[in-house]
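Subject: A structure to look at

Hello,

I am passing on the structure we talked about, and I hope you enjoy browsing it. Please open it first, then read my notes alongside.

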Amino acid sequence: MLALAPDPASRRAAAGLARPACWSDAGTAGDLLWGSCAGSGRQPYQTVVDLTGPAYRCSCPSRKFPCKHALALLLTWAGGSLPEQGEAAGYATTWQASRQARAAGRGGTGGKPKDAAAAARRAGQRAERVAAGLADLQVWLGDQIRAGLTAARAAGYGHADAMAARMVDAQAPGAAAALRRLSAIPMSGDGWPGRLLAEYGLLHLLARAHQQEGTLAPPLAAVVRSRVGYTTSREDVLATPAVADRWQVLAVRDVLDGTIPARRVWLRGQHTGRFALLLSFAPAGNFSGLEAALIPGLELDADLHFYPGQPAMRAVPGPRHGSPAPAGRPAGAGDLTGLLSAWSAALAEDPWLTEWPALLTAVPVPGEPGWRLADPAGLAVPLLGQESQWRLLAVSGGQPVCVAGELSPAGLTALTVWHGDQAVRL
Amino acid sequence: MTAMSYAGLVAAATVGVGRRPELVTSLAGPAAAHVGVLSTADPAASVLDAAALLTVAHRAGWLPQTGVSHPGPAAADSAPELPPRAAALLSRAAEADAAVLTDLLTAAGAAGYRAPAPLLPALLDAAIRDRALRPAVADVLGQRGRWLAAHRADWQRVVAGAARPDPADGPDAWQTGRRDERAGYLAALRDTDPAAARELLRAGWASETGDDRAALLPVLARGLSAADEEFLETALDDRKGAVRAAALRLLARLPSAAWSGRVTERAWPLLRLEGTGPGRTLVASLPGGLDPAAARDGIGGQPPPPGISAAAWQLTQVISLVPLGQWASRFGLAPAEIVALPVAGDLASHVHAGWRLAAVRQASPDWAAALLTAGARHPQTLRAGSRPLAAWPADEQLVAVLPPAARADRVARLLSRTTITPAALAELTACPGPWPASLAEVVVSLLRAAVTAVPGSPAAQASWAGTRWAGELASAAARNLPATGGIDYAAALTRLAEAGSCPPPWPVVLHRIASTIALRRAFLEEIH
């Protein structure tokens with residue numbers, strides 16, 4: 001039941017309110033729970049829960065959903081402390097009736113066309129908001145360049161946060177996330193003006209590309225839309241043709257997307273040789289289901305469906321043909337020449353790309369100012385991630401080893417190394 | 001306008017194009033071909049366009065560094081790595097308990113395994129934090145671990161502590177090395193050619209500093225023999241006290257040395273056996289001033305501990321230096337009979353103090369056992385007032401000399417009494433494992449009694465007043481209850497924890513002990 005809580009704070013608050021003493025005129029009848037709970041306002045809050053949904057209604061001003069009152073009411077009921085009543089309170093039955101009327105309207109024969117029309121109207125509204133927001137973004141970026149990058153540093157941490165909030169309002173969360181990330185650059189040490197200008201330029205490019213979306217090839221248009229923050233529904237992705245394979249888990253990386261924990265699971269198909277990315281989010285902090293079960297050293301026999309846009313990388317799993325099973329060392333480990341040409345080709349299709357899967361035979365090389373990862377031909381890229389470097393060095397013993405990781409513009413982050421046939425997370 | 005590079009763009013943008021509004025109209029490198037897409041209306045937009053173009057061009061045209069040489073590879077290891085399951089258990093132990101980790105690493109090393117490469121950084125880090133782990137970690141590093149440690153100054157400390165120097169390193173280490181390197185070289189030489197090592201030390205002895213002499217002389221403890229006596233005798237006249245003390249410690253380990261004869265001769269008149277049969281008595285007398293030769297032999301070096309007269313302290317010292325076997329042969333009695341004899345006058349405690357010092361220093365199990373029994377029987381006579389440890393080694397020190405079986409028996413007896421003293425518990429936690437079955441049974445029944453005692457009852461309060469005890473007992477039991485053999489203690493403790501009557505916090509404590517024992521058992525099964 002507590003899994004319904006939107007965050008841990010709500011959970012704690014609800015547990016505190018889940019006592020009969022906090023509630024008056026509370027009861028349950030049929031599928032309804034209701035009660036009044038004294039809050040900070042003059043009037044007690046009236047809370048109703050419909051167990052069929054479950055659906056909630058509360059007169060409190062909380063924007064969390066369900067609010068702590070609804071959760072507390074559920075907990076009280078679960079504890080058996082809510083009295084069974086013959087008839088529900090007036091406000092509860094009124095709300096239930098209006099819910100049922102709405103549900104009947106949706107289910108009716110006239111519902112669909114009206115729904116589609118409403119959806120089209122909403123899509124049109126969003127497109128206008130996004131376009132207006134990105135126009136503001138272009139003006140803001142121009143202002144930054146006119147005023148000089150030093151002004152951004154003078155503004156301190158979070159100089160772009162206000163603009164990021166504007167992008168959230170404009171329903172362009174991708175642009176918002178990019179702005180939040182670049183907010184920290186002026187404090188990131190030597191060379192920050194170059195890094196900041198690069199991010200400004202790429203955002204500017206995104207806004208310009210979005211302006212001309214109609215003239216772009218469909219795959220590139222899909223990239224632009226996804227970078228702006230339009231999402232593709234899971235159902236639409238699952239409707240694309242399936243790619244069946246035994247997908248070997250190469251690497252798993254947990255990151256923070258804004259403040260939400262996100263997990264990237266990199267896969268490689270044993271037969272197709274294709275890479276794939278499963279991206280998942282855990283607002284409550286715990287990954288569950290398939291994403292939690294996939295760890296390097298396993299393979300998944302399943303159909304994958306790729307998101308639209310090029311290069312096709314992000315995917316969702318469709319039907320599975322078995323549980324994740326142990327796999328040995330992956331085939332297909334290449335060298336840096338191959339990796340960097342794949343990276344170039346990928347950037348040609350998506351210039352905003354910042355991470356790309358790497359599967360290499362290579363040696364970590366300690367040194368100053370930074371470590372490098374060298375392939376047998378003596379080519380090398382910077383090796384990132386101070387925590388993982390030593391373990392990689394220990395496993396390599398100075399010899400080339402099979403490494404999986406992520407390539408980013410700054411260098412390569414090693415995530416998994418194979419010690420013989422055994423996958424070792426770094 | 002010249003072709004704009006990325007650095008040029010950054011310079012312009014840093015200052016701000018508001019002051020010098022100029023359009024970017026040409027670009028450096030391959031991006032020059034795309035200059036047509038740059039904004040021609042707004043200088044700021046042209047800078048942003050150019051930045052995007054050059055950034056993507058730079059990222060896509062990534063040129064890797066060339067000609068990077070690999071680190072010299074690690075030498076091949078002959079010892080096998082721990083199997084993966086054992087390695088997983090080791091990781092779990094590393095998170096749980098450093099003492100258990102030490103035991104498992106020691107067992108792995110003894111079984112001929114080395115640590116798995118992926119665990120090496122964590123083990124080296126743990127050994128840096130916890131000095132007690134270092135020998136066990138150093139023992140399982142293998143070639144790979146030593147190669148890895150060579151890449152980090154802090155990790156080298158783990159390796160250096162356990163370095164087995166190689167005399168083939170050459171005499172350079174002896175001539176120019178640091179003090180520890182020189183001691184390492186000398187030790188290695190001593191192991192292969194004891195006489196050559198002694199002569200090497202003697203050859204440069206006069207020109208060594210006092211600190212060097214004090215650091216190098218103890219190396220002769222390796223392969224000590226009567227041949228070293230003459231050199232050690234000269235060291236007794238050293239200017240530096242630490243050197244004289246080291247020489248005394250070494251001479252004391254040579255029963256045939258003249259020094260032994262001298263200290264024994266000095267003791268005979270001071271402690272005599274008189275009478276026969278049941279009327280036998282020891283008669284002790286205070287030394288009436290000692291000659292300078294006595295000081296040279298190690299008597300009267302330190303001032304007497306507070307509360308003890310100089311003469312009584314000399315008596316204790318004289319007795320403490322005598323090889324314990326000499327008493328038995330002179331009196332024709334066993335150690336237990338000797339220490340049970342009454343001592344005429346009020347010098348009994350000074351005589352026993354000497355024997356206790358000797359038993360600890362000479363590591364004599366017979367005497368330690370006899371003195372422990374005598375001390376328990378006559379606490380008042382033998383230990384009037386509290387003496388400093390320097391003059392009266394504590395029971396724990398004597399216990400540490402006992403062979404493991406005797407030690408376990410003693411602890412089992414102490415724990416079988418109705419009240420458990422802190423001292424008994426301290427002896428238990430210090431008692432090395434795995435405990436013999438007799439002691440293990442006592443500990444398990446102790447835990448059972450604690451768990452089943454009615455909370456708040458006098459019995460529960462008397463024996464388990466402090467949960468601190470429970471914590472110490474739990475750690476010791478987890479580490480030392482036998483993990484292998486006929487009795488499955490993990491299962492026994494789990495049953496106890498799951499009995500309906502088990503009050504908190506015992507279920508948690510017992511499960512923790514049981515899981516550690518199960519982990520040790522699983523690990524030992526993997527490596528044997």
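First, some housekeeping. This is a predicted model, in which local features need pLDDT of at least 70, side-chain atom pairs count only at pLDDT 80 or more, and totals for chains, interfaces and linings use all residues. Residues are numbered from 1 along each chain as its sequence is written, while chains are lettered from A and ligands numbered from 1 in the order in which they are written.

Chain A has 13 helices and 16 strands; these are DSSP runs numbered from the N terminus (helices: H or I, at least four residues; strands: E, at least two). The chain has 426 residues, and 39% of them count as buried, that is, with 20 or more other C-beta atoms within 10 Å of their own, the C-beta atoms being placed from the backbone. Among contacts in chain A with a separation of 6 or more, 60% are between residues 24 or more positions apart. A contact here means that the C-beta atoms of two residues, placed from the backbone, lie within 7 Å.

Five of the six residues of β3(A) are buried.

Now for the cores. The largest nonpolar core holds 177 residues, and those touching the most other members include A:Ala175, A:Val417 and B:Ala50. Such a core is a set of buried Ala, Val, Leu, Ile, Met, Phe, Trp, Tyr and Cys residues joined through C-beta atoms within 7 Å. Helix α2 (residues 43-60) of chain B gives the largest share of this core, eleven residues. Beyond its neighbours within four places in sequence, B:Ala50 is in contact with B:Met4, B:Leu9, B:Val24, B:Leu27 and B:Leu38. A separate core has 62 residues, among them B:Ala252 and B:Leu372.

Definitions and conventions
A residue is buried if 20 or more other C-beta atoms lie within 10 Å of its own, exposed if 12 or fewer, and partly exposed in between; C-beta atoms are placed from the backbone.
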